Amino acid sequence: MKSNPSPFTLLDPTKFRGHLGEDFEWAKGAIPFIDVEADGASVAEALLATYYYRWRSYKKHMKWTSDGWILTEFLPYVPWSGRHNAIPAAAGHHVMEGRWLYDTSVIQDYIKFWFDDRQLDESFGGTTGYTSWIGWAAWQRYLVTGNKTEIAELLPQLTKAYFINFKKQWWRDQGFGDKGCWWQSDGADAMEVSISGSGCRPTIASAMFGEAAAAAKMATLLGDAPLTANFTAEATKTKRLILDEHWSEALQSFAVISPGG
């Protein structure tokens, strides 16, 4: 009688050497390898080519600096960037993809970089230069790494960023008439020259809901009940703002409220 075959297969990394080219040796010790079964060889090949291309692209944007590891959005220097050519607009995506790196120091350095006091207080090129959701991405990374110490180090800075920097930069007490809102220009919301324009934007509101909700989870993890309550209240308020104020029945979409209403 045959025994049931093991459901696990040990992948041979050399099978994917062609996808990785000169980055193969780096990838062997840096990333999870995957294989794909799909209906049709062309579909499987396209998925694999995309997956390994993404890692090759990611590696090009990993940059060692005097502040440790960071990720860049653009390879050449761009004048709207900050220190080390870094831009916060894509940082949440960087953290989400990079949470799978075997070397956890890369993304840990990068998170610390954005929540460093110098970056938080820098108006141009700093953490508030663009809408971002780095805290939410950091919590998702914790669910992979399980490193509670990193959360304990991050939460005080995330708390400062939210209640001082984010609120000062983006919150308007009377954005919707006598109601408050999260205010952003379309350019700083990474949607420059869009049809929606500047104003009370559901996109930055969604990002700030994510930051508050993630911080509440961090505070719960660390046993800080008062901070959990504060951030839960912030997340609830912003969620209601999005659902009650930003939803347009006419458009059947969430919408920006312009300065003129």
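Helix 4 (residues 91–98) packs against helix 5 (residues 105–114) in this predicted model, at an angle of about 160° and with axes 10 Å apart. Helices here are DSSP runs of H or I with at least four residues, strands are E runs of at least two, and both are numbered from the N terminus. Axes are lines fitted to C-alpha atoms, for helices over the stretch in contact, and angles run from 0 to 180 degrees between N-to-C directions. The angle makes helix 4 roughly antiparallel to helix 5. On this scale, angles under 35 degrees are roughly parallel, over 145 roughly antiparallel, 65 to 115 roughly perpendicular, and the rest oblique. The crossing of helix 4 and helix 5 is left-handed. A crossing has that hand if the near helix is turned anticlockwise from the far one by less than a right angle; clockwise makes it right-handed.

Look next at the residues in this packing. Helix 4 brings A91, H94, V95 and G98, and helix 5 meets them with I107, Y110, I111 and W114. Contact means heavy atoms within 4.5 Å. An α-helix has 3.6 residues a turn, so residues three or four places apart point the same way. Helix 5 is mostly covered, with eight of its 10 residues buried. Buried means under 20% relative accessible area, exposed over 50%, and partly exposed in between, with a 1.4 Å probe and protein chains only. Among the buried residues of helix 5 are V106, Q108, D109 and F113.

A137 is buried, at a relative accessible area of 0%. Setting aside neighbours within four places in sequence, A137 is in contact with G92, V95 and M96. V95 also belongs to the helix 4 side that meets helix 5. From A137 to E249 is 112 residues in sequence and 31 Å in space, C-alpha to C-alpha.

Now the strands. Strand 1 (residues 62–65) and strand 2 (residues 68–71) pair in the antiparallel sense over four bridges. Pairing requires at least two bridges found by DSSP between the two strands. K63 has I70 of strand 2 as its bridge partner. Two residues connect strand 1 to strand 2 in a hairpin.

Three bridges join strand 3 to strand 4. F176 has K179 of strand 4 as its bridge partner. Strand 3 and strand 4 form a hairpin with two residues between them, and G177 in the turn has a positive phi of about 65°. Strand 4 and strand 5 are joined by two bridges. Across that pairing, W183 has C200 as its partner, and Q184 has G199. In a regular strand the side chains alternate between the two faces of the sheet.

What links C181 and C200? They form a disulfide, with sulfur atoms 2.2 Å apart. The term covers a pair of cysteine sulfur atoms within 2.5 Å. The count by this rule comes to one disulfide. The pair links distant parts of the chain, 19 residues apart: C181 lies in strand 4 (residues 179–184) and C200 in strand 5 (residues 199–200). The S-S torsion is about -65°, so the disulfide is left-handed. C181 is buried at 0% relative accessibility. C200 is buried too, at 1%.

The contact includes A205, F209, A212 and A216 of helix 9, and F231, A235, T238 and I242 of helix 10.

Residues are numbered from 1 along each chain as its sequence is written. Local features need pLDDT of at least 70 and side-chain atom pairs count only at pLDDT 80 or more, while totals for chains, interfaces and linings use all residues, and side-chain values use heavy atoms, leaving out hydrogens and water.
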